[in-house]
Amino acid sequence: MIYFVTSNEGKFREVKEIAKSYGIEVEWLKREYLEPQGNDLEEIARISAEILAKEVREKFFLEDSGLFIPALNGFPGPYSSYVFKTVGNEGILKLMEGVEDRRAYFLAVIAFWDGERVLTFKGRVDGRIAHEMRGERGFGFDPIFEYDGRTFAEMGEEKNEVSHRRRALEGFFKYLKGLENL
Ligand code: IMP
(Lines give C-alpha, C1' and ligand atoms only; values in the text may rest on other atoms or scores of the structure.)
Protein backbone atom coordinates (compact mmCIF):
# COMPACT_ATOMS: atom_id res chain seq x y z
CA MET A 1 0.00 0.00 0.00
CA ILE A 2 1.20 3.49 -0.80
CA TYR A 3 -0.20 6.94 0.04
CA PHE A 4 -1.22 9.36 -2.68
CA VAL A 5 -1.51 12.94 -1.47
CA THR A 6 -4.04 15.14 -3.25
CA SER A 7 -7.12 17.21 -2.56
CA ASN A 8 -8.45 16.48 -6.06
CA GLU A 9 -10.93 13.59 -6.08
CA GLY A 10 -10.84 13.24 -9.88
CA LYS A 11 -7.09 12.65 -9.78
CA PHE A 12 -7.37 10.18 -6.94
CA ARG A 13 -10.04 8.12 -8.74
CA GLU A 14 -7.91 7.85 -11.86
CA VAL A 15 -4.76 6.96 -9.94
CA LYS A 16 -6.58 4.29 -7.93
CA GLU A 17 -8.02 2.75 -11.11
CA ILE A 18 -4.67 2.71 -12.92
CA ALA A 19 -2.87 1.34 -9.83
CA LYS A 20 -5.34 -1.56 -9.71
CA SER A 21 -4.19 -2.73 -13.14
CA TYR A 22 -0.67 -3.00 -11.69
CA GLY A 23 -1.85 -4.80 -8.56
CA ILE A 24 -0.89 -1.81 -6.42
CA GLU A 25 -3.12 -0.47 -3.65
CA VAL A 26 -3.25 3.28 -3.25
CA GLU A 27 -4.57 4.98 -0.13
CA TRP A 28 -5.93 8.53 -0.38
CA LEU A 29 -4.26 11.05 1.91
CA LYS A 30 -6.71 13.86 1.25
CA ARG A 31 -5.06 17.15 1.99
CA GLU A 32 -3.80 20.34 0.45
CA TYR A 33 -0.09 21.04 0.40
CA LEU A 34 2.11 24.00 -0.31
CA GLU A 35 3.19 24.34 -3.93
CA PRO A 36 6.06 26.69 -4.71
CA GLN A 37 5.58 28.96 -7.72
CA GLY A 38 7.75 28.36 -10.73
CA ASN A 39 7.86 27.52 -14.40
CA ASP A 40 9.04 23.97 -14.09
CA LEU A 41 6.50 21.29 -13.14
CA GLU A 42 9.17 18.82 -12.12
CA GLU A 43 10.76 21.26 -9.73
CA ILE A 44 7.39 22.25 -8.28
CA ALA A 45 6.51 18.58 -7.67
CA ARG A 46 9.91 17.80 -6.19
CA ILE A 47 9.94 20.75 -3.80
CA SER A 48 6.32 20.15 -2.77
CA ALA A 49 7.22 16.56 -1.87
CA GLU A 50 10.30 17.65 0.08
CA ILE A 51 8.25 20.11 2.13
CA LEU A 52 5.47 17.59 2.71
CA ALA A 53 7.98 14.92 3.77
CA LYS A 54 8.61 16.94 6.91
CA GLU A 55 5.00 16.28 7.97
CA VAL A 56 4.10 12.92 6.48
CA ARG A 57 5.99 10.08 8.08
CA GLU A 58 5.07 7.38 5.57
CA LYS A 59 6.25 6.96 2.00
CA PHE A 60 3.95 8.85 -0.35
CA PHE A 61 3.65 10.32 -3.81
CA LEU A 62 1.96 13.37 -5.24
CA GLU A 63 1.38 14.48 -8.78
CA ASP A 64 1.54 17.87 -10.40
CA SER A 65 0.07 18.35 -13.83
CA GLY A 66 -0.63 21.08 -16.33
CA LEU A 67 -2.08 21.88 -19.73
CA PHE A 68 0.36 23.45 -22.22
CA ILE A 69 -0.79 25.27 -25.36
CA PRO A 70 2.04 26.11 -27.80
CA ALA A 71 -0.02 28.82 -29.58
CA LEU A 72 -0.22 30.59 -26.19
CA ASN A 73 3.51 30.06 -25.53
CA GLY A 74 2.79 27.19 -23.16
CA PHE A 75 0.07 28.91 -21.13
CA PRO A 76 -1.44 27.91 -18.69
CA GLY A 77 1.32 25.35 -17.95
CA PRO A 78 2.32 25.39 -14.28
CA TYR A 79 -0.51 27.87 -13.58
CA SER A 80 -3.20 25.47 -14.82
CA SER A 81 -4.83 25.01 -11.47
CA TYR A 82 -5.21 28.75 -10.88
CA VAL A 83 -6.38 29.37 -14.43
CA PHE A 84 -8.93 26.59 -14.17
CA LYS A 85 -10.28 27.99 -10.91
CA THR A 86 -10.49 31.55 -12.22
CA VAL A 87 -11.48 31.53 -15.92
CA GLY A 88 -12.00 27.80 -16.48
CA ASN A 89 -12.64 26.06 -19.78
CA GLU A 90 -14.61 29.05 -21.11
CA GLY A 91 -11.59 31.28 -20.55
CA ILE A 92 -9.29 28.98 -22.52
CA LEU A 93 -11.84 28.65 -25.34
CA LYS A 94 -12.06 32.45 -25.52
CA LEU A 95 -8.27 32.82 -25.70
CA MET A 96 -8.26 30.27 -28.51
CA GLU A 97 -10.95 32.01 -30.60
CA GLY A 98 -9.66 32.42 -34.13
CA VAL A 99 -6.44 30.53 -33.35
CA GLU A 100 -5.70 27.92 -35.98
CA ASP A 101 -2.92 26.05 -34.21
CA ARG A 102 -4.99 24.09 -31.66
CA ARG A 103 -2.21 21.78 -30.46
CA ALA A 104 -2.03 21.18 -26.73
CA TYR A 105 -0.51 18.69 -24.34
CA PHE A 106 -0.86 17.64 -20.75
CA LEU A 107 2.20 16.95 -18.62
CA ALA A 108 2.15 15.04 -15.34
CA VAL A 109 5.01 14.73 -12.90
CA ILE A 110 4.89 12.23 -10.07
CA ALA A 111 7.10 12.97 -7.08
CA PHE A 112 7.70 9.94 -4.85
CA TRP A 113 9.13 10.35 -1.35
CA ASP A 114 10.78 7.03 -0.54
CA GLY A 115 11.67 7.94 3.03
CA GLU A 116 15.04 9.38 2.09
CA ARG A 117 14.74 11.26 -1.16
CA VAL A 118 12.38 12.32 -3.92
CA LEU A 119 12.20 10.48 -7.25
CA THR A 120 10.25 11.92 -10.18
CA PHE A 121 8.45 10.29 -13.13
CA LYS A 122 6.96 12.15 -16.10
CA GLY A 123 4.16 11.55 -18.59
CA ARG A 124 2.87 13.50 -21.57
CA VAL A 125 -0.11 13.22 -23.89
CA ASP A 126 -0.58 15.25 -27.06
CA GLY A 127 -3.94 16.45 -28.33
CA ARG A 128 -5.85 19.54 -29.42
CA ILE A 129 -8.07 22.19 -27.90
CA ALA A 130 -11.64 21.58 -29.06
CA HIS A 131 -13.82 24.42 -30.39
CA GLU A 132 -16.42 23.85 -27.68
CA MET A 133 -16.82 21.83 -24.49
CA ARG A 134 -17.92 18.23 -25.05
CA GLY A 135 -18.56 15.31 -22.70
CA GLU A 136 -19.70 14.89 -19.14
CA ARG A 137 -16.98 12.76 -17.57
CA GLY A 138 -13.57 13.42 -16.09
CA PHE A 139 -12.56 16.71 -14.50
CA GLY A 140 -10.72 19.96 -15.10
CA PHE A 141 -9.88 20.65 -18.74
CA ASP A 142 -11.17 17.25 -19.93
CA PRO A 143 -14.18 18.73 -21.84
CA ILE A 144 -11.91 20.84 -24.08
CA PHE A 145 -8.95 18.46 -24.55
CA GLU A 146 -9.34 16.36 -27.68
CA TYR A 147 -7.43 13.15 -28.20
CA ASP A 148 -7.96 11.35 -31.50
CA GLY A 149 -11.19 13.24 -32.21
CA ARG A 150 -12.87 12.75 -28.82
CA THR A 151 -12.46 14.90 -25.74
CA PHE A 152 -11.15 13.27 -22.57
CA ALA A 153 -14.58 14.03 -21.06
CA GLU A 154 -16.19 11.93 -23.84
CA MET A 155 -13.70 9.07 -23.42
CA GLY A 156 -14.52 8.24 -19.80
CA GLU A 157 -12.32 5.43 -18.52
CA GLU A 158 -10.59 5.03 -21.87
CA LYS A 159 -8.77 8.23 -20.93
CA ASN A 160 -6.84 6.20 -18.37
CA GLU A 161 -5.18 4.15 -21.10
CA VAL A 162 -3.51 7.11 -22.78
CA SER A 163 -3.41 10.04 -20.35
CA HIS A 164 -0.35 11.92 -19.12
CA ARG A 165 -1.19 10.56 -15.66
CA ARG A 166 -1.22 6.99 -16.97
CA ARG A 167 2.14 7.46 -18.65
CA ALA A 168 3.77 8.96 -15.57
CA LEU A 169 2.31 6.25 -13.34
CA GLU A 170 3.51 3.54 -15.69
CA GLY A 171 7.13 4.50 -15.03
CA PHE A 172 6.51 4.87 -11.33
CA PHE A 173 4.67 1.57 -10.83
CA LYS A 174 7.25 -0.34 -12.88
CA TYR A 175 9.91 1.13 -10.61
CA LEU A 176 7.98 0.03 -7.49
CA LYS A 177 7.46 -3.46 -8.91
CA GLY A 178 11.17 -3.66 -9.67
CA LEU A 179 11.94 -2.95 -6.01
CA GLU A 180 9.66 -5.82 -4.93
CA ASN A 181 11.66 -8.22 -7.06
CA LEU A 182 15.03 -7.33 -5.54
P1 IMP B 1 -2.59 20.38 -10.23
O2 IMP B 1 -1.72 19.29 -10.69
O3 IMP B 1 -3.44 19.93 -9.08
O4 IMP B 1 -1.85 21.66 -9.98
O5 IMP B 1 -3.67 20.63 -11.37
C6 IMP B 1 -3.42 21.38 -12.49
C7 IMP B 1 -4.70 21.76 -13.21
O8 IMP B 1 -4.76 21.02 -14.40
C9 IMP B 1 -5.98 21.52 -12.44
O10 IMP B 1 -6.85 22.61 -12.61
C11 IMP B 1 -6.58 20.31 -13.07
O12 IMP B 1 -7.97 20.39 -13.12
C13 IMP B 1 -5.98 20.32 -14.46
N14 IMP B 1 -5.71 18.94 -14.85
C15 IMP B 1 -4.75 18.13 -14.39
N16 IMP B 1 -4.87 16.90 -14.91
C17 IMP B 1 -5.95 16.95 -15.71
C18 IMP B 1 -6.61 15.98 -16.49
O19 IMP B 1 -6.25 14.78 -16.54
N20 IMP B 1 -7.67 16.40 -17.17
C21 IMP B 1 -8.12 17.68 -17.12
N22 IMP B 1 -7.57 18.62 -16.39
C23 IMP B 1 -6.48 18.25 -15.68
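Author: Helices (H or I, at least four residues) and strands (E, at least two) are taken as DSSP runs and numbered from the N terminus. The model is a predicted one.

Reader: How many helices and strands does the chain have?

Author: Along the sequence, the elements follow the pattern β-α-β-α-β-α-α-β-β-β-β-α-α-α. The chain therefore has, by the DSSP runs, seven helices and seven strands.

Reader: What is the radius of gyration of the chain, and what would a compact globule have?

Author: The C-alpha atoms fill a box of roughly 55 × 30 × 25 Å along the principal axes. A compact globule of 182 residues would have a radius of gyration near 16 Å, and the chain agrees with that, at 16 Å.

Reader: Where does the ligand sit, and which elements each supply at least two residues of the shell around the ligand?

Author: The ligand sits in the largest pocket. 16 residues surround the ligand, with Lys11, Ser65, Asp142, Lys159 and Arg165 the closest. By class, the shell has seven charged, five polar and four nonpolar residues. The elements that each supply at least two shell residues are β3 (60-68), α3 (80-86) and α7 (164-180).

Reader: How much of the ligand does the protein bury?

Author: An oxygen atom of the ligand lies 3.1 Å from a polar side-chain atom of Asp64, and a backbone N or O atom of Ser65 is 2.8 Å from an oxygen atom of the ligand. A polar backbone atom of Phe141 lies 3.0 Å from a nitrogen atom of the ligand. Taken alone, the ligand exposes 490 Å², and of that the protein buries 92%.

Terms used: Residues numbered from 1 in each chain as written. Predicted model: local features only at pLDDT ≥ 70, side-chain atom pairs only at ≥ 80, totals over all residues. Heavy atoms only, no water. Near = heavy atom within 4 Å. Polar contact = N/O pair within 3.5 Å; in protein donor to acceptor, adjacent residues only side chain to side chain. Areas by Shrake-Rupley, 256 points an atom, 1.4 Å probe, with all protein chains shown as cover. 1 Å grid on protein atoms, 1.4 Å probe; cavity = no way out; pocket = protein on both sides within 12 Å on 5 of 7 lines; lining within 4 Å. Sits in = over half its atoms within 2 Å of the grid points. Nonpolar A, V, L, I, M, F, W, Y, C, P; charged D, E, K, R; others polar. Rg over C-alpha atoms; globule rule 2.2 N^0.38 Å.
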